[in-house]
Amino acid sequence: MSATTGPVGERLRSCRVLEGVPLAANTKINQGAAVAFDTAGNLVPITSSTTIKPIGFAPKTYDNTGGAAGAVLGAIDFGRNRLMRGYLNDAAPNAVSRANCGSTVYWLDDQTLTTLATGHVATNNRVLDVTTASSDLGAFVWMEI
């Protein structure tokens, strides 16, 4: 990607509940349970694992028992409205993916995010969602602002 050469349109989302979040394989999350992103960016109930990234709680029960990762889509209730802005994504191999949800990423330029830390400045906020060109929202990395 390249830096902006003029004004960029607003790409904002505001939500209290983020829908369409894939559940981890063989996972059941009960309504009201605290939830986190696992290392692949899938939704899991909070445990004592040090690799998960806490994010909110489950607005209802989701059961993916016996299912593959992403076979069931859940939701995250943040407990308050979160404002997110969509930024462009770097190309592979440094593209931001669901595995980066809940994490800090880096600025490639003034409109593009990357996972490559070397030579780049960290963002102040964490990634909450990554959408593709085939989604209604377009291909963006959605970061809390």
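Me: Which residues does L43 touch, not counting residues up to four places away in sequence?

Reply: Contact means heavy atoms within 4.5 Å. Under that criterion L43 touches V21, P22, L23, A24, T27, I29, V35, A36, I55, A75 and I76, with residues up to four places away in sequence not counted. This is a predicted model, in which local features need pLDDT of at least 70 and side-chain atom pairs count only at pLDDT 80 or more, whereas totals for chains, interfaces and linings use all residues. Residues are numbered from 1 along each chain as its sequence is written, and side-chain values use heavy atoms, with hydrogens and water left out.

Me: Which members of the largest nonpolar core touch the most other members?

Reply: In soluble globular proteins, nonpolar side chains tend to be buried together. A nonpolar core is a set of buried Ala, Val, Leu, Ile, Met, Phe, Trp, Tyr and Cys residues joined through side-chain atoms within 4.5 Å; buried means under 20% relative accessible area, exposed over 50%, and partly exposed in between, with a 1.4 Å probe and protein chains only. Here the largest core has 28 residues, and L43, I55 and I76 touch the most other members. At least two residues of this core come from each of β1, β3, β7, β10 and β11, and β7 gives the most, with 6 residues. Strands are DSSP runs of E with at least two residues, numbered from the N terminus.

Me: Is N42 buried or exposed, and where is N42 placed?

Reply: N42 is buried, because its relative accessible area is 11%. N42 occupies the loop between β3 (34-37) and β4 (43-45). Apart from neighbours within four places in sequence, the contacts of N42 are P22, L23, A24, A36, F37 and A69.

Me: Which strands pair with β10?

Reply: Two strands pair if DSSP finds at least two bridges between them. β8 and β10 are antiparallel, with 3 bridges, and W107 stands opposite V121 in β10. β10 and β11 also run antiparallel, joined by 4 bridges; T131 has F140 in β11 as its bridge partner.

Me: How accessible is V127?

Reply: V127 is buried, because its relative accessibility is 0%. V127 belongs to strand β10 (residues 121-131). Not counting residues up to four places away in sequence, V127 touches V96, N100, C101, G102, S103, V105, V141, W142 and M143.

Me: What are the values of phi for N26 and omega for the bond joining A92 and P93?

Reply: Most residues other than glycine have a negative phi, and most peptide bonds are trans. N26 has a positive phi, near 50°, and lies in the loop between β1 (12-22) and β2 (28-29). At 53% relative accessibility, N26 counts as exposed. The peptide bond joining A92 and P93 is cis, with omega about 10°; P93 is in the loop between β7 (73-89) and β8 (104-109).
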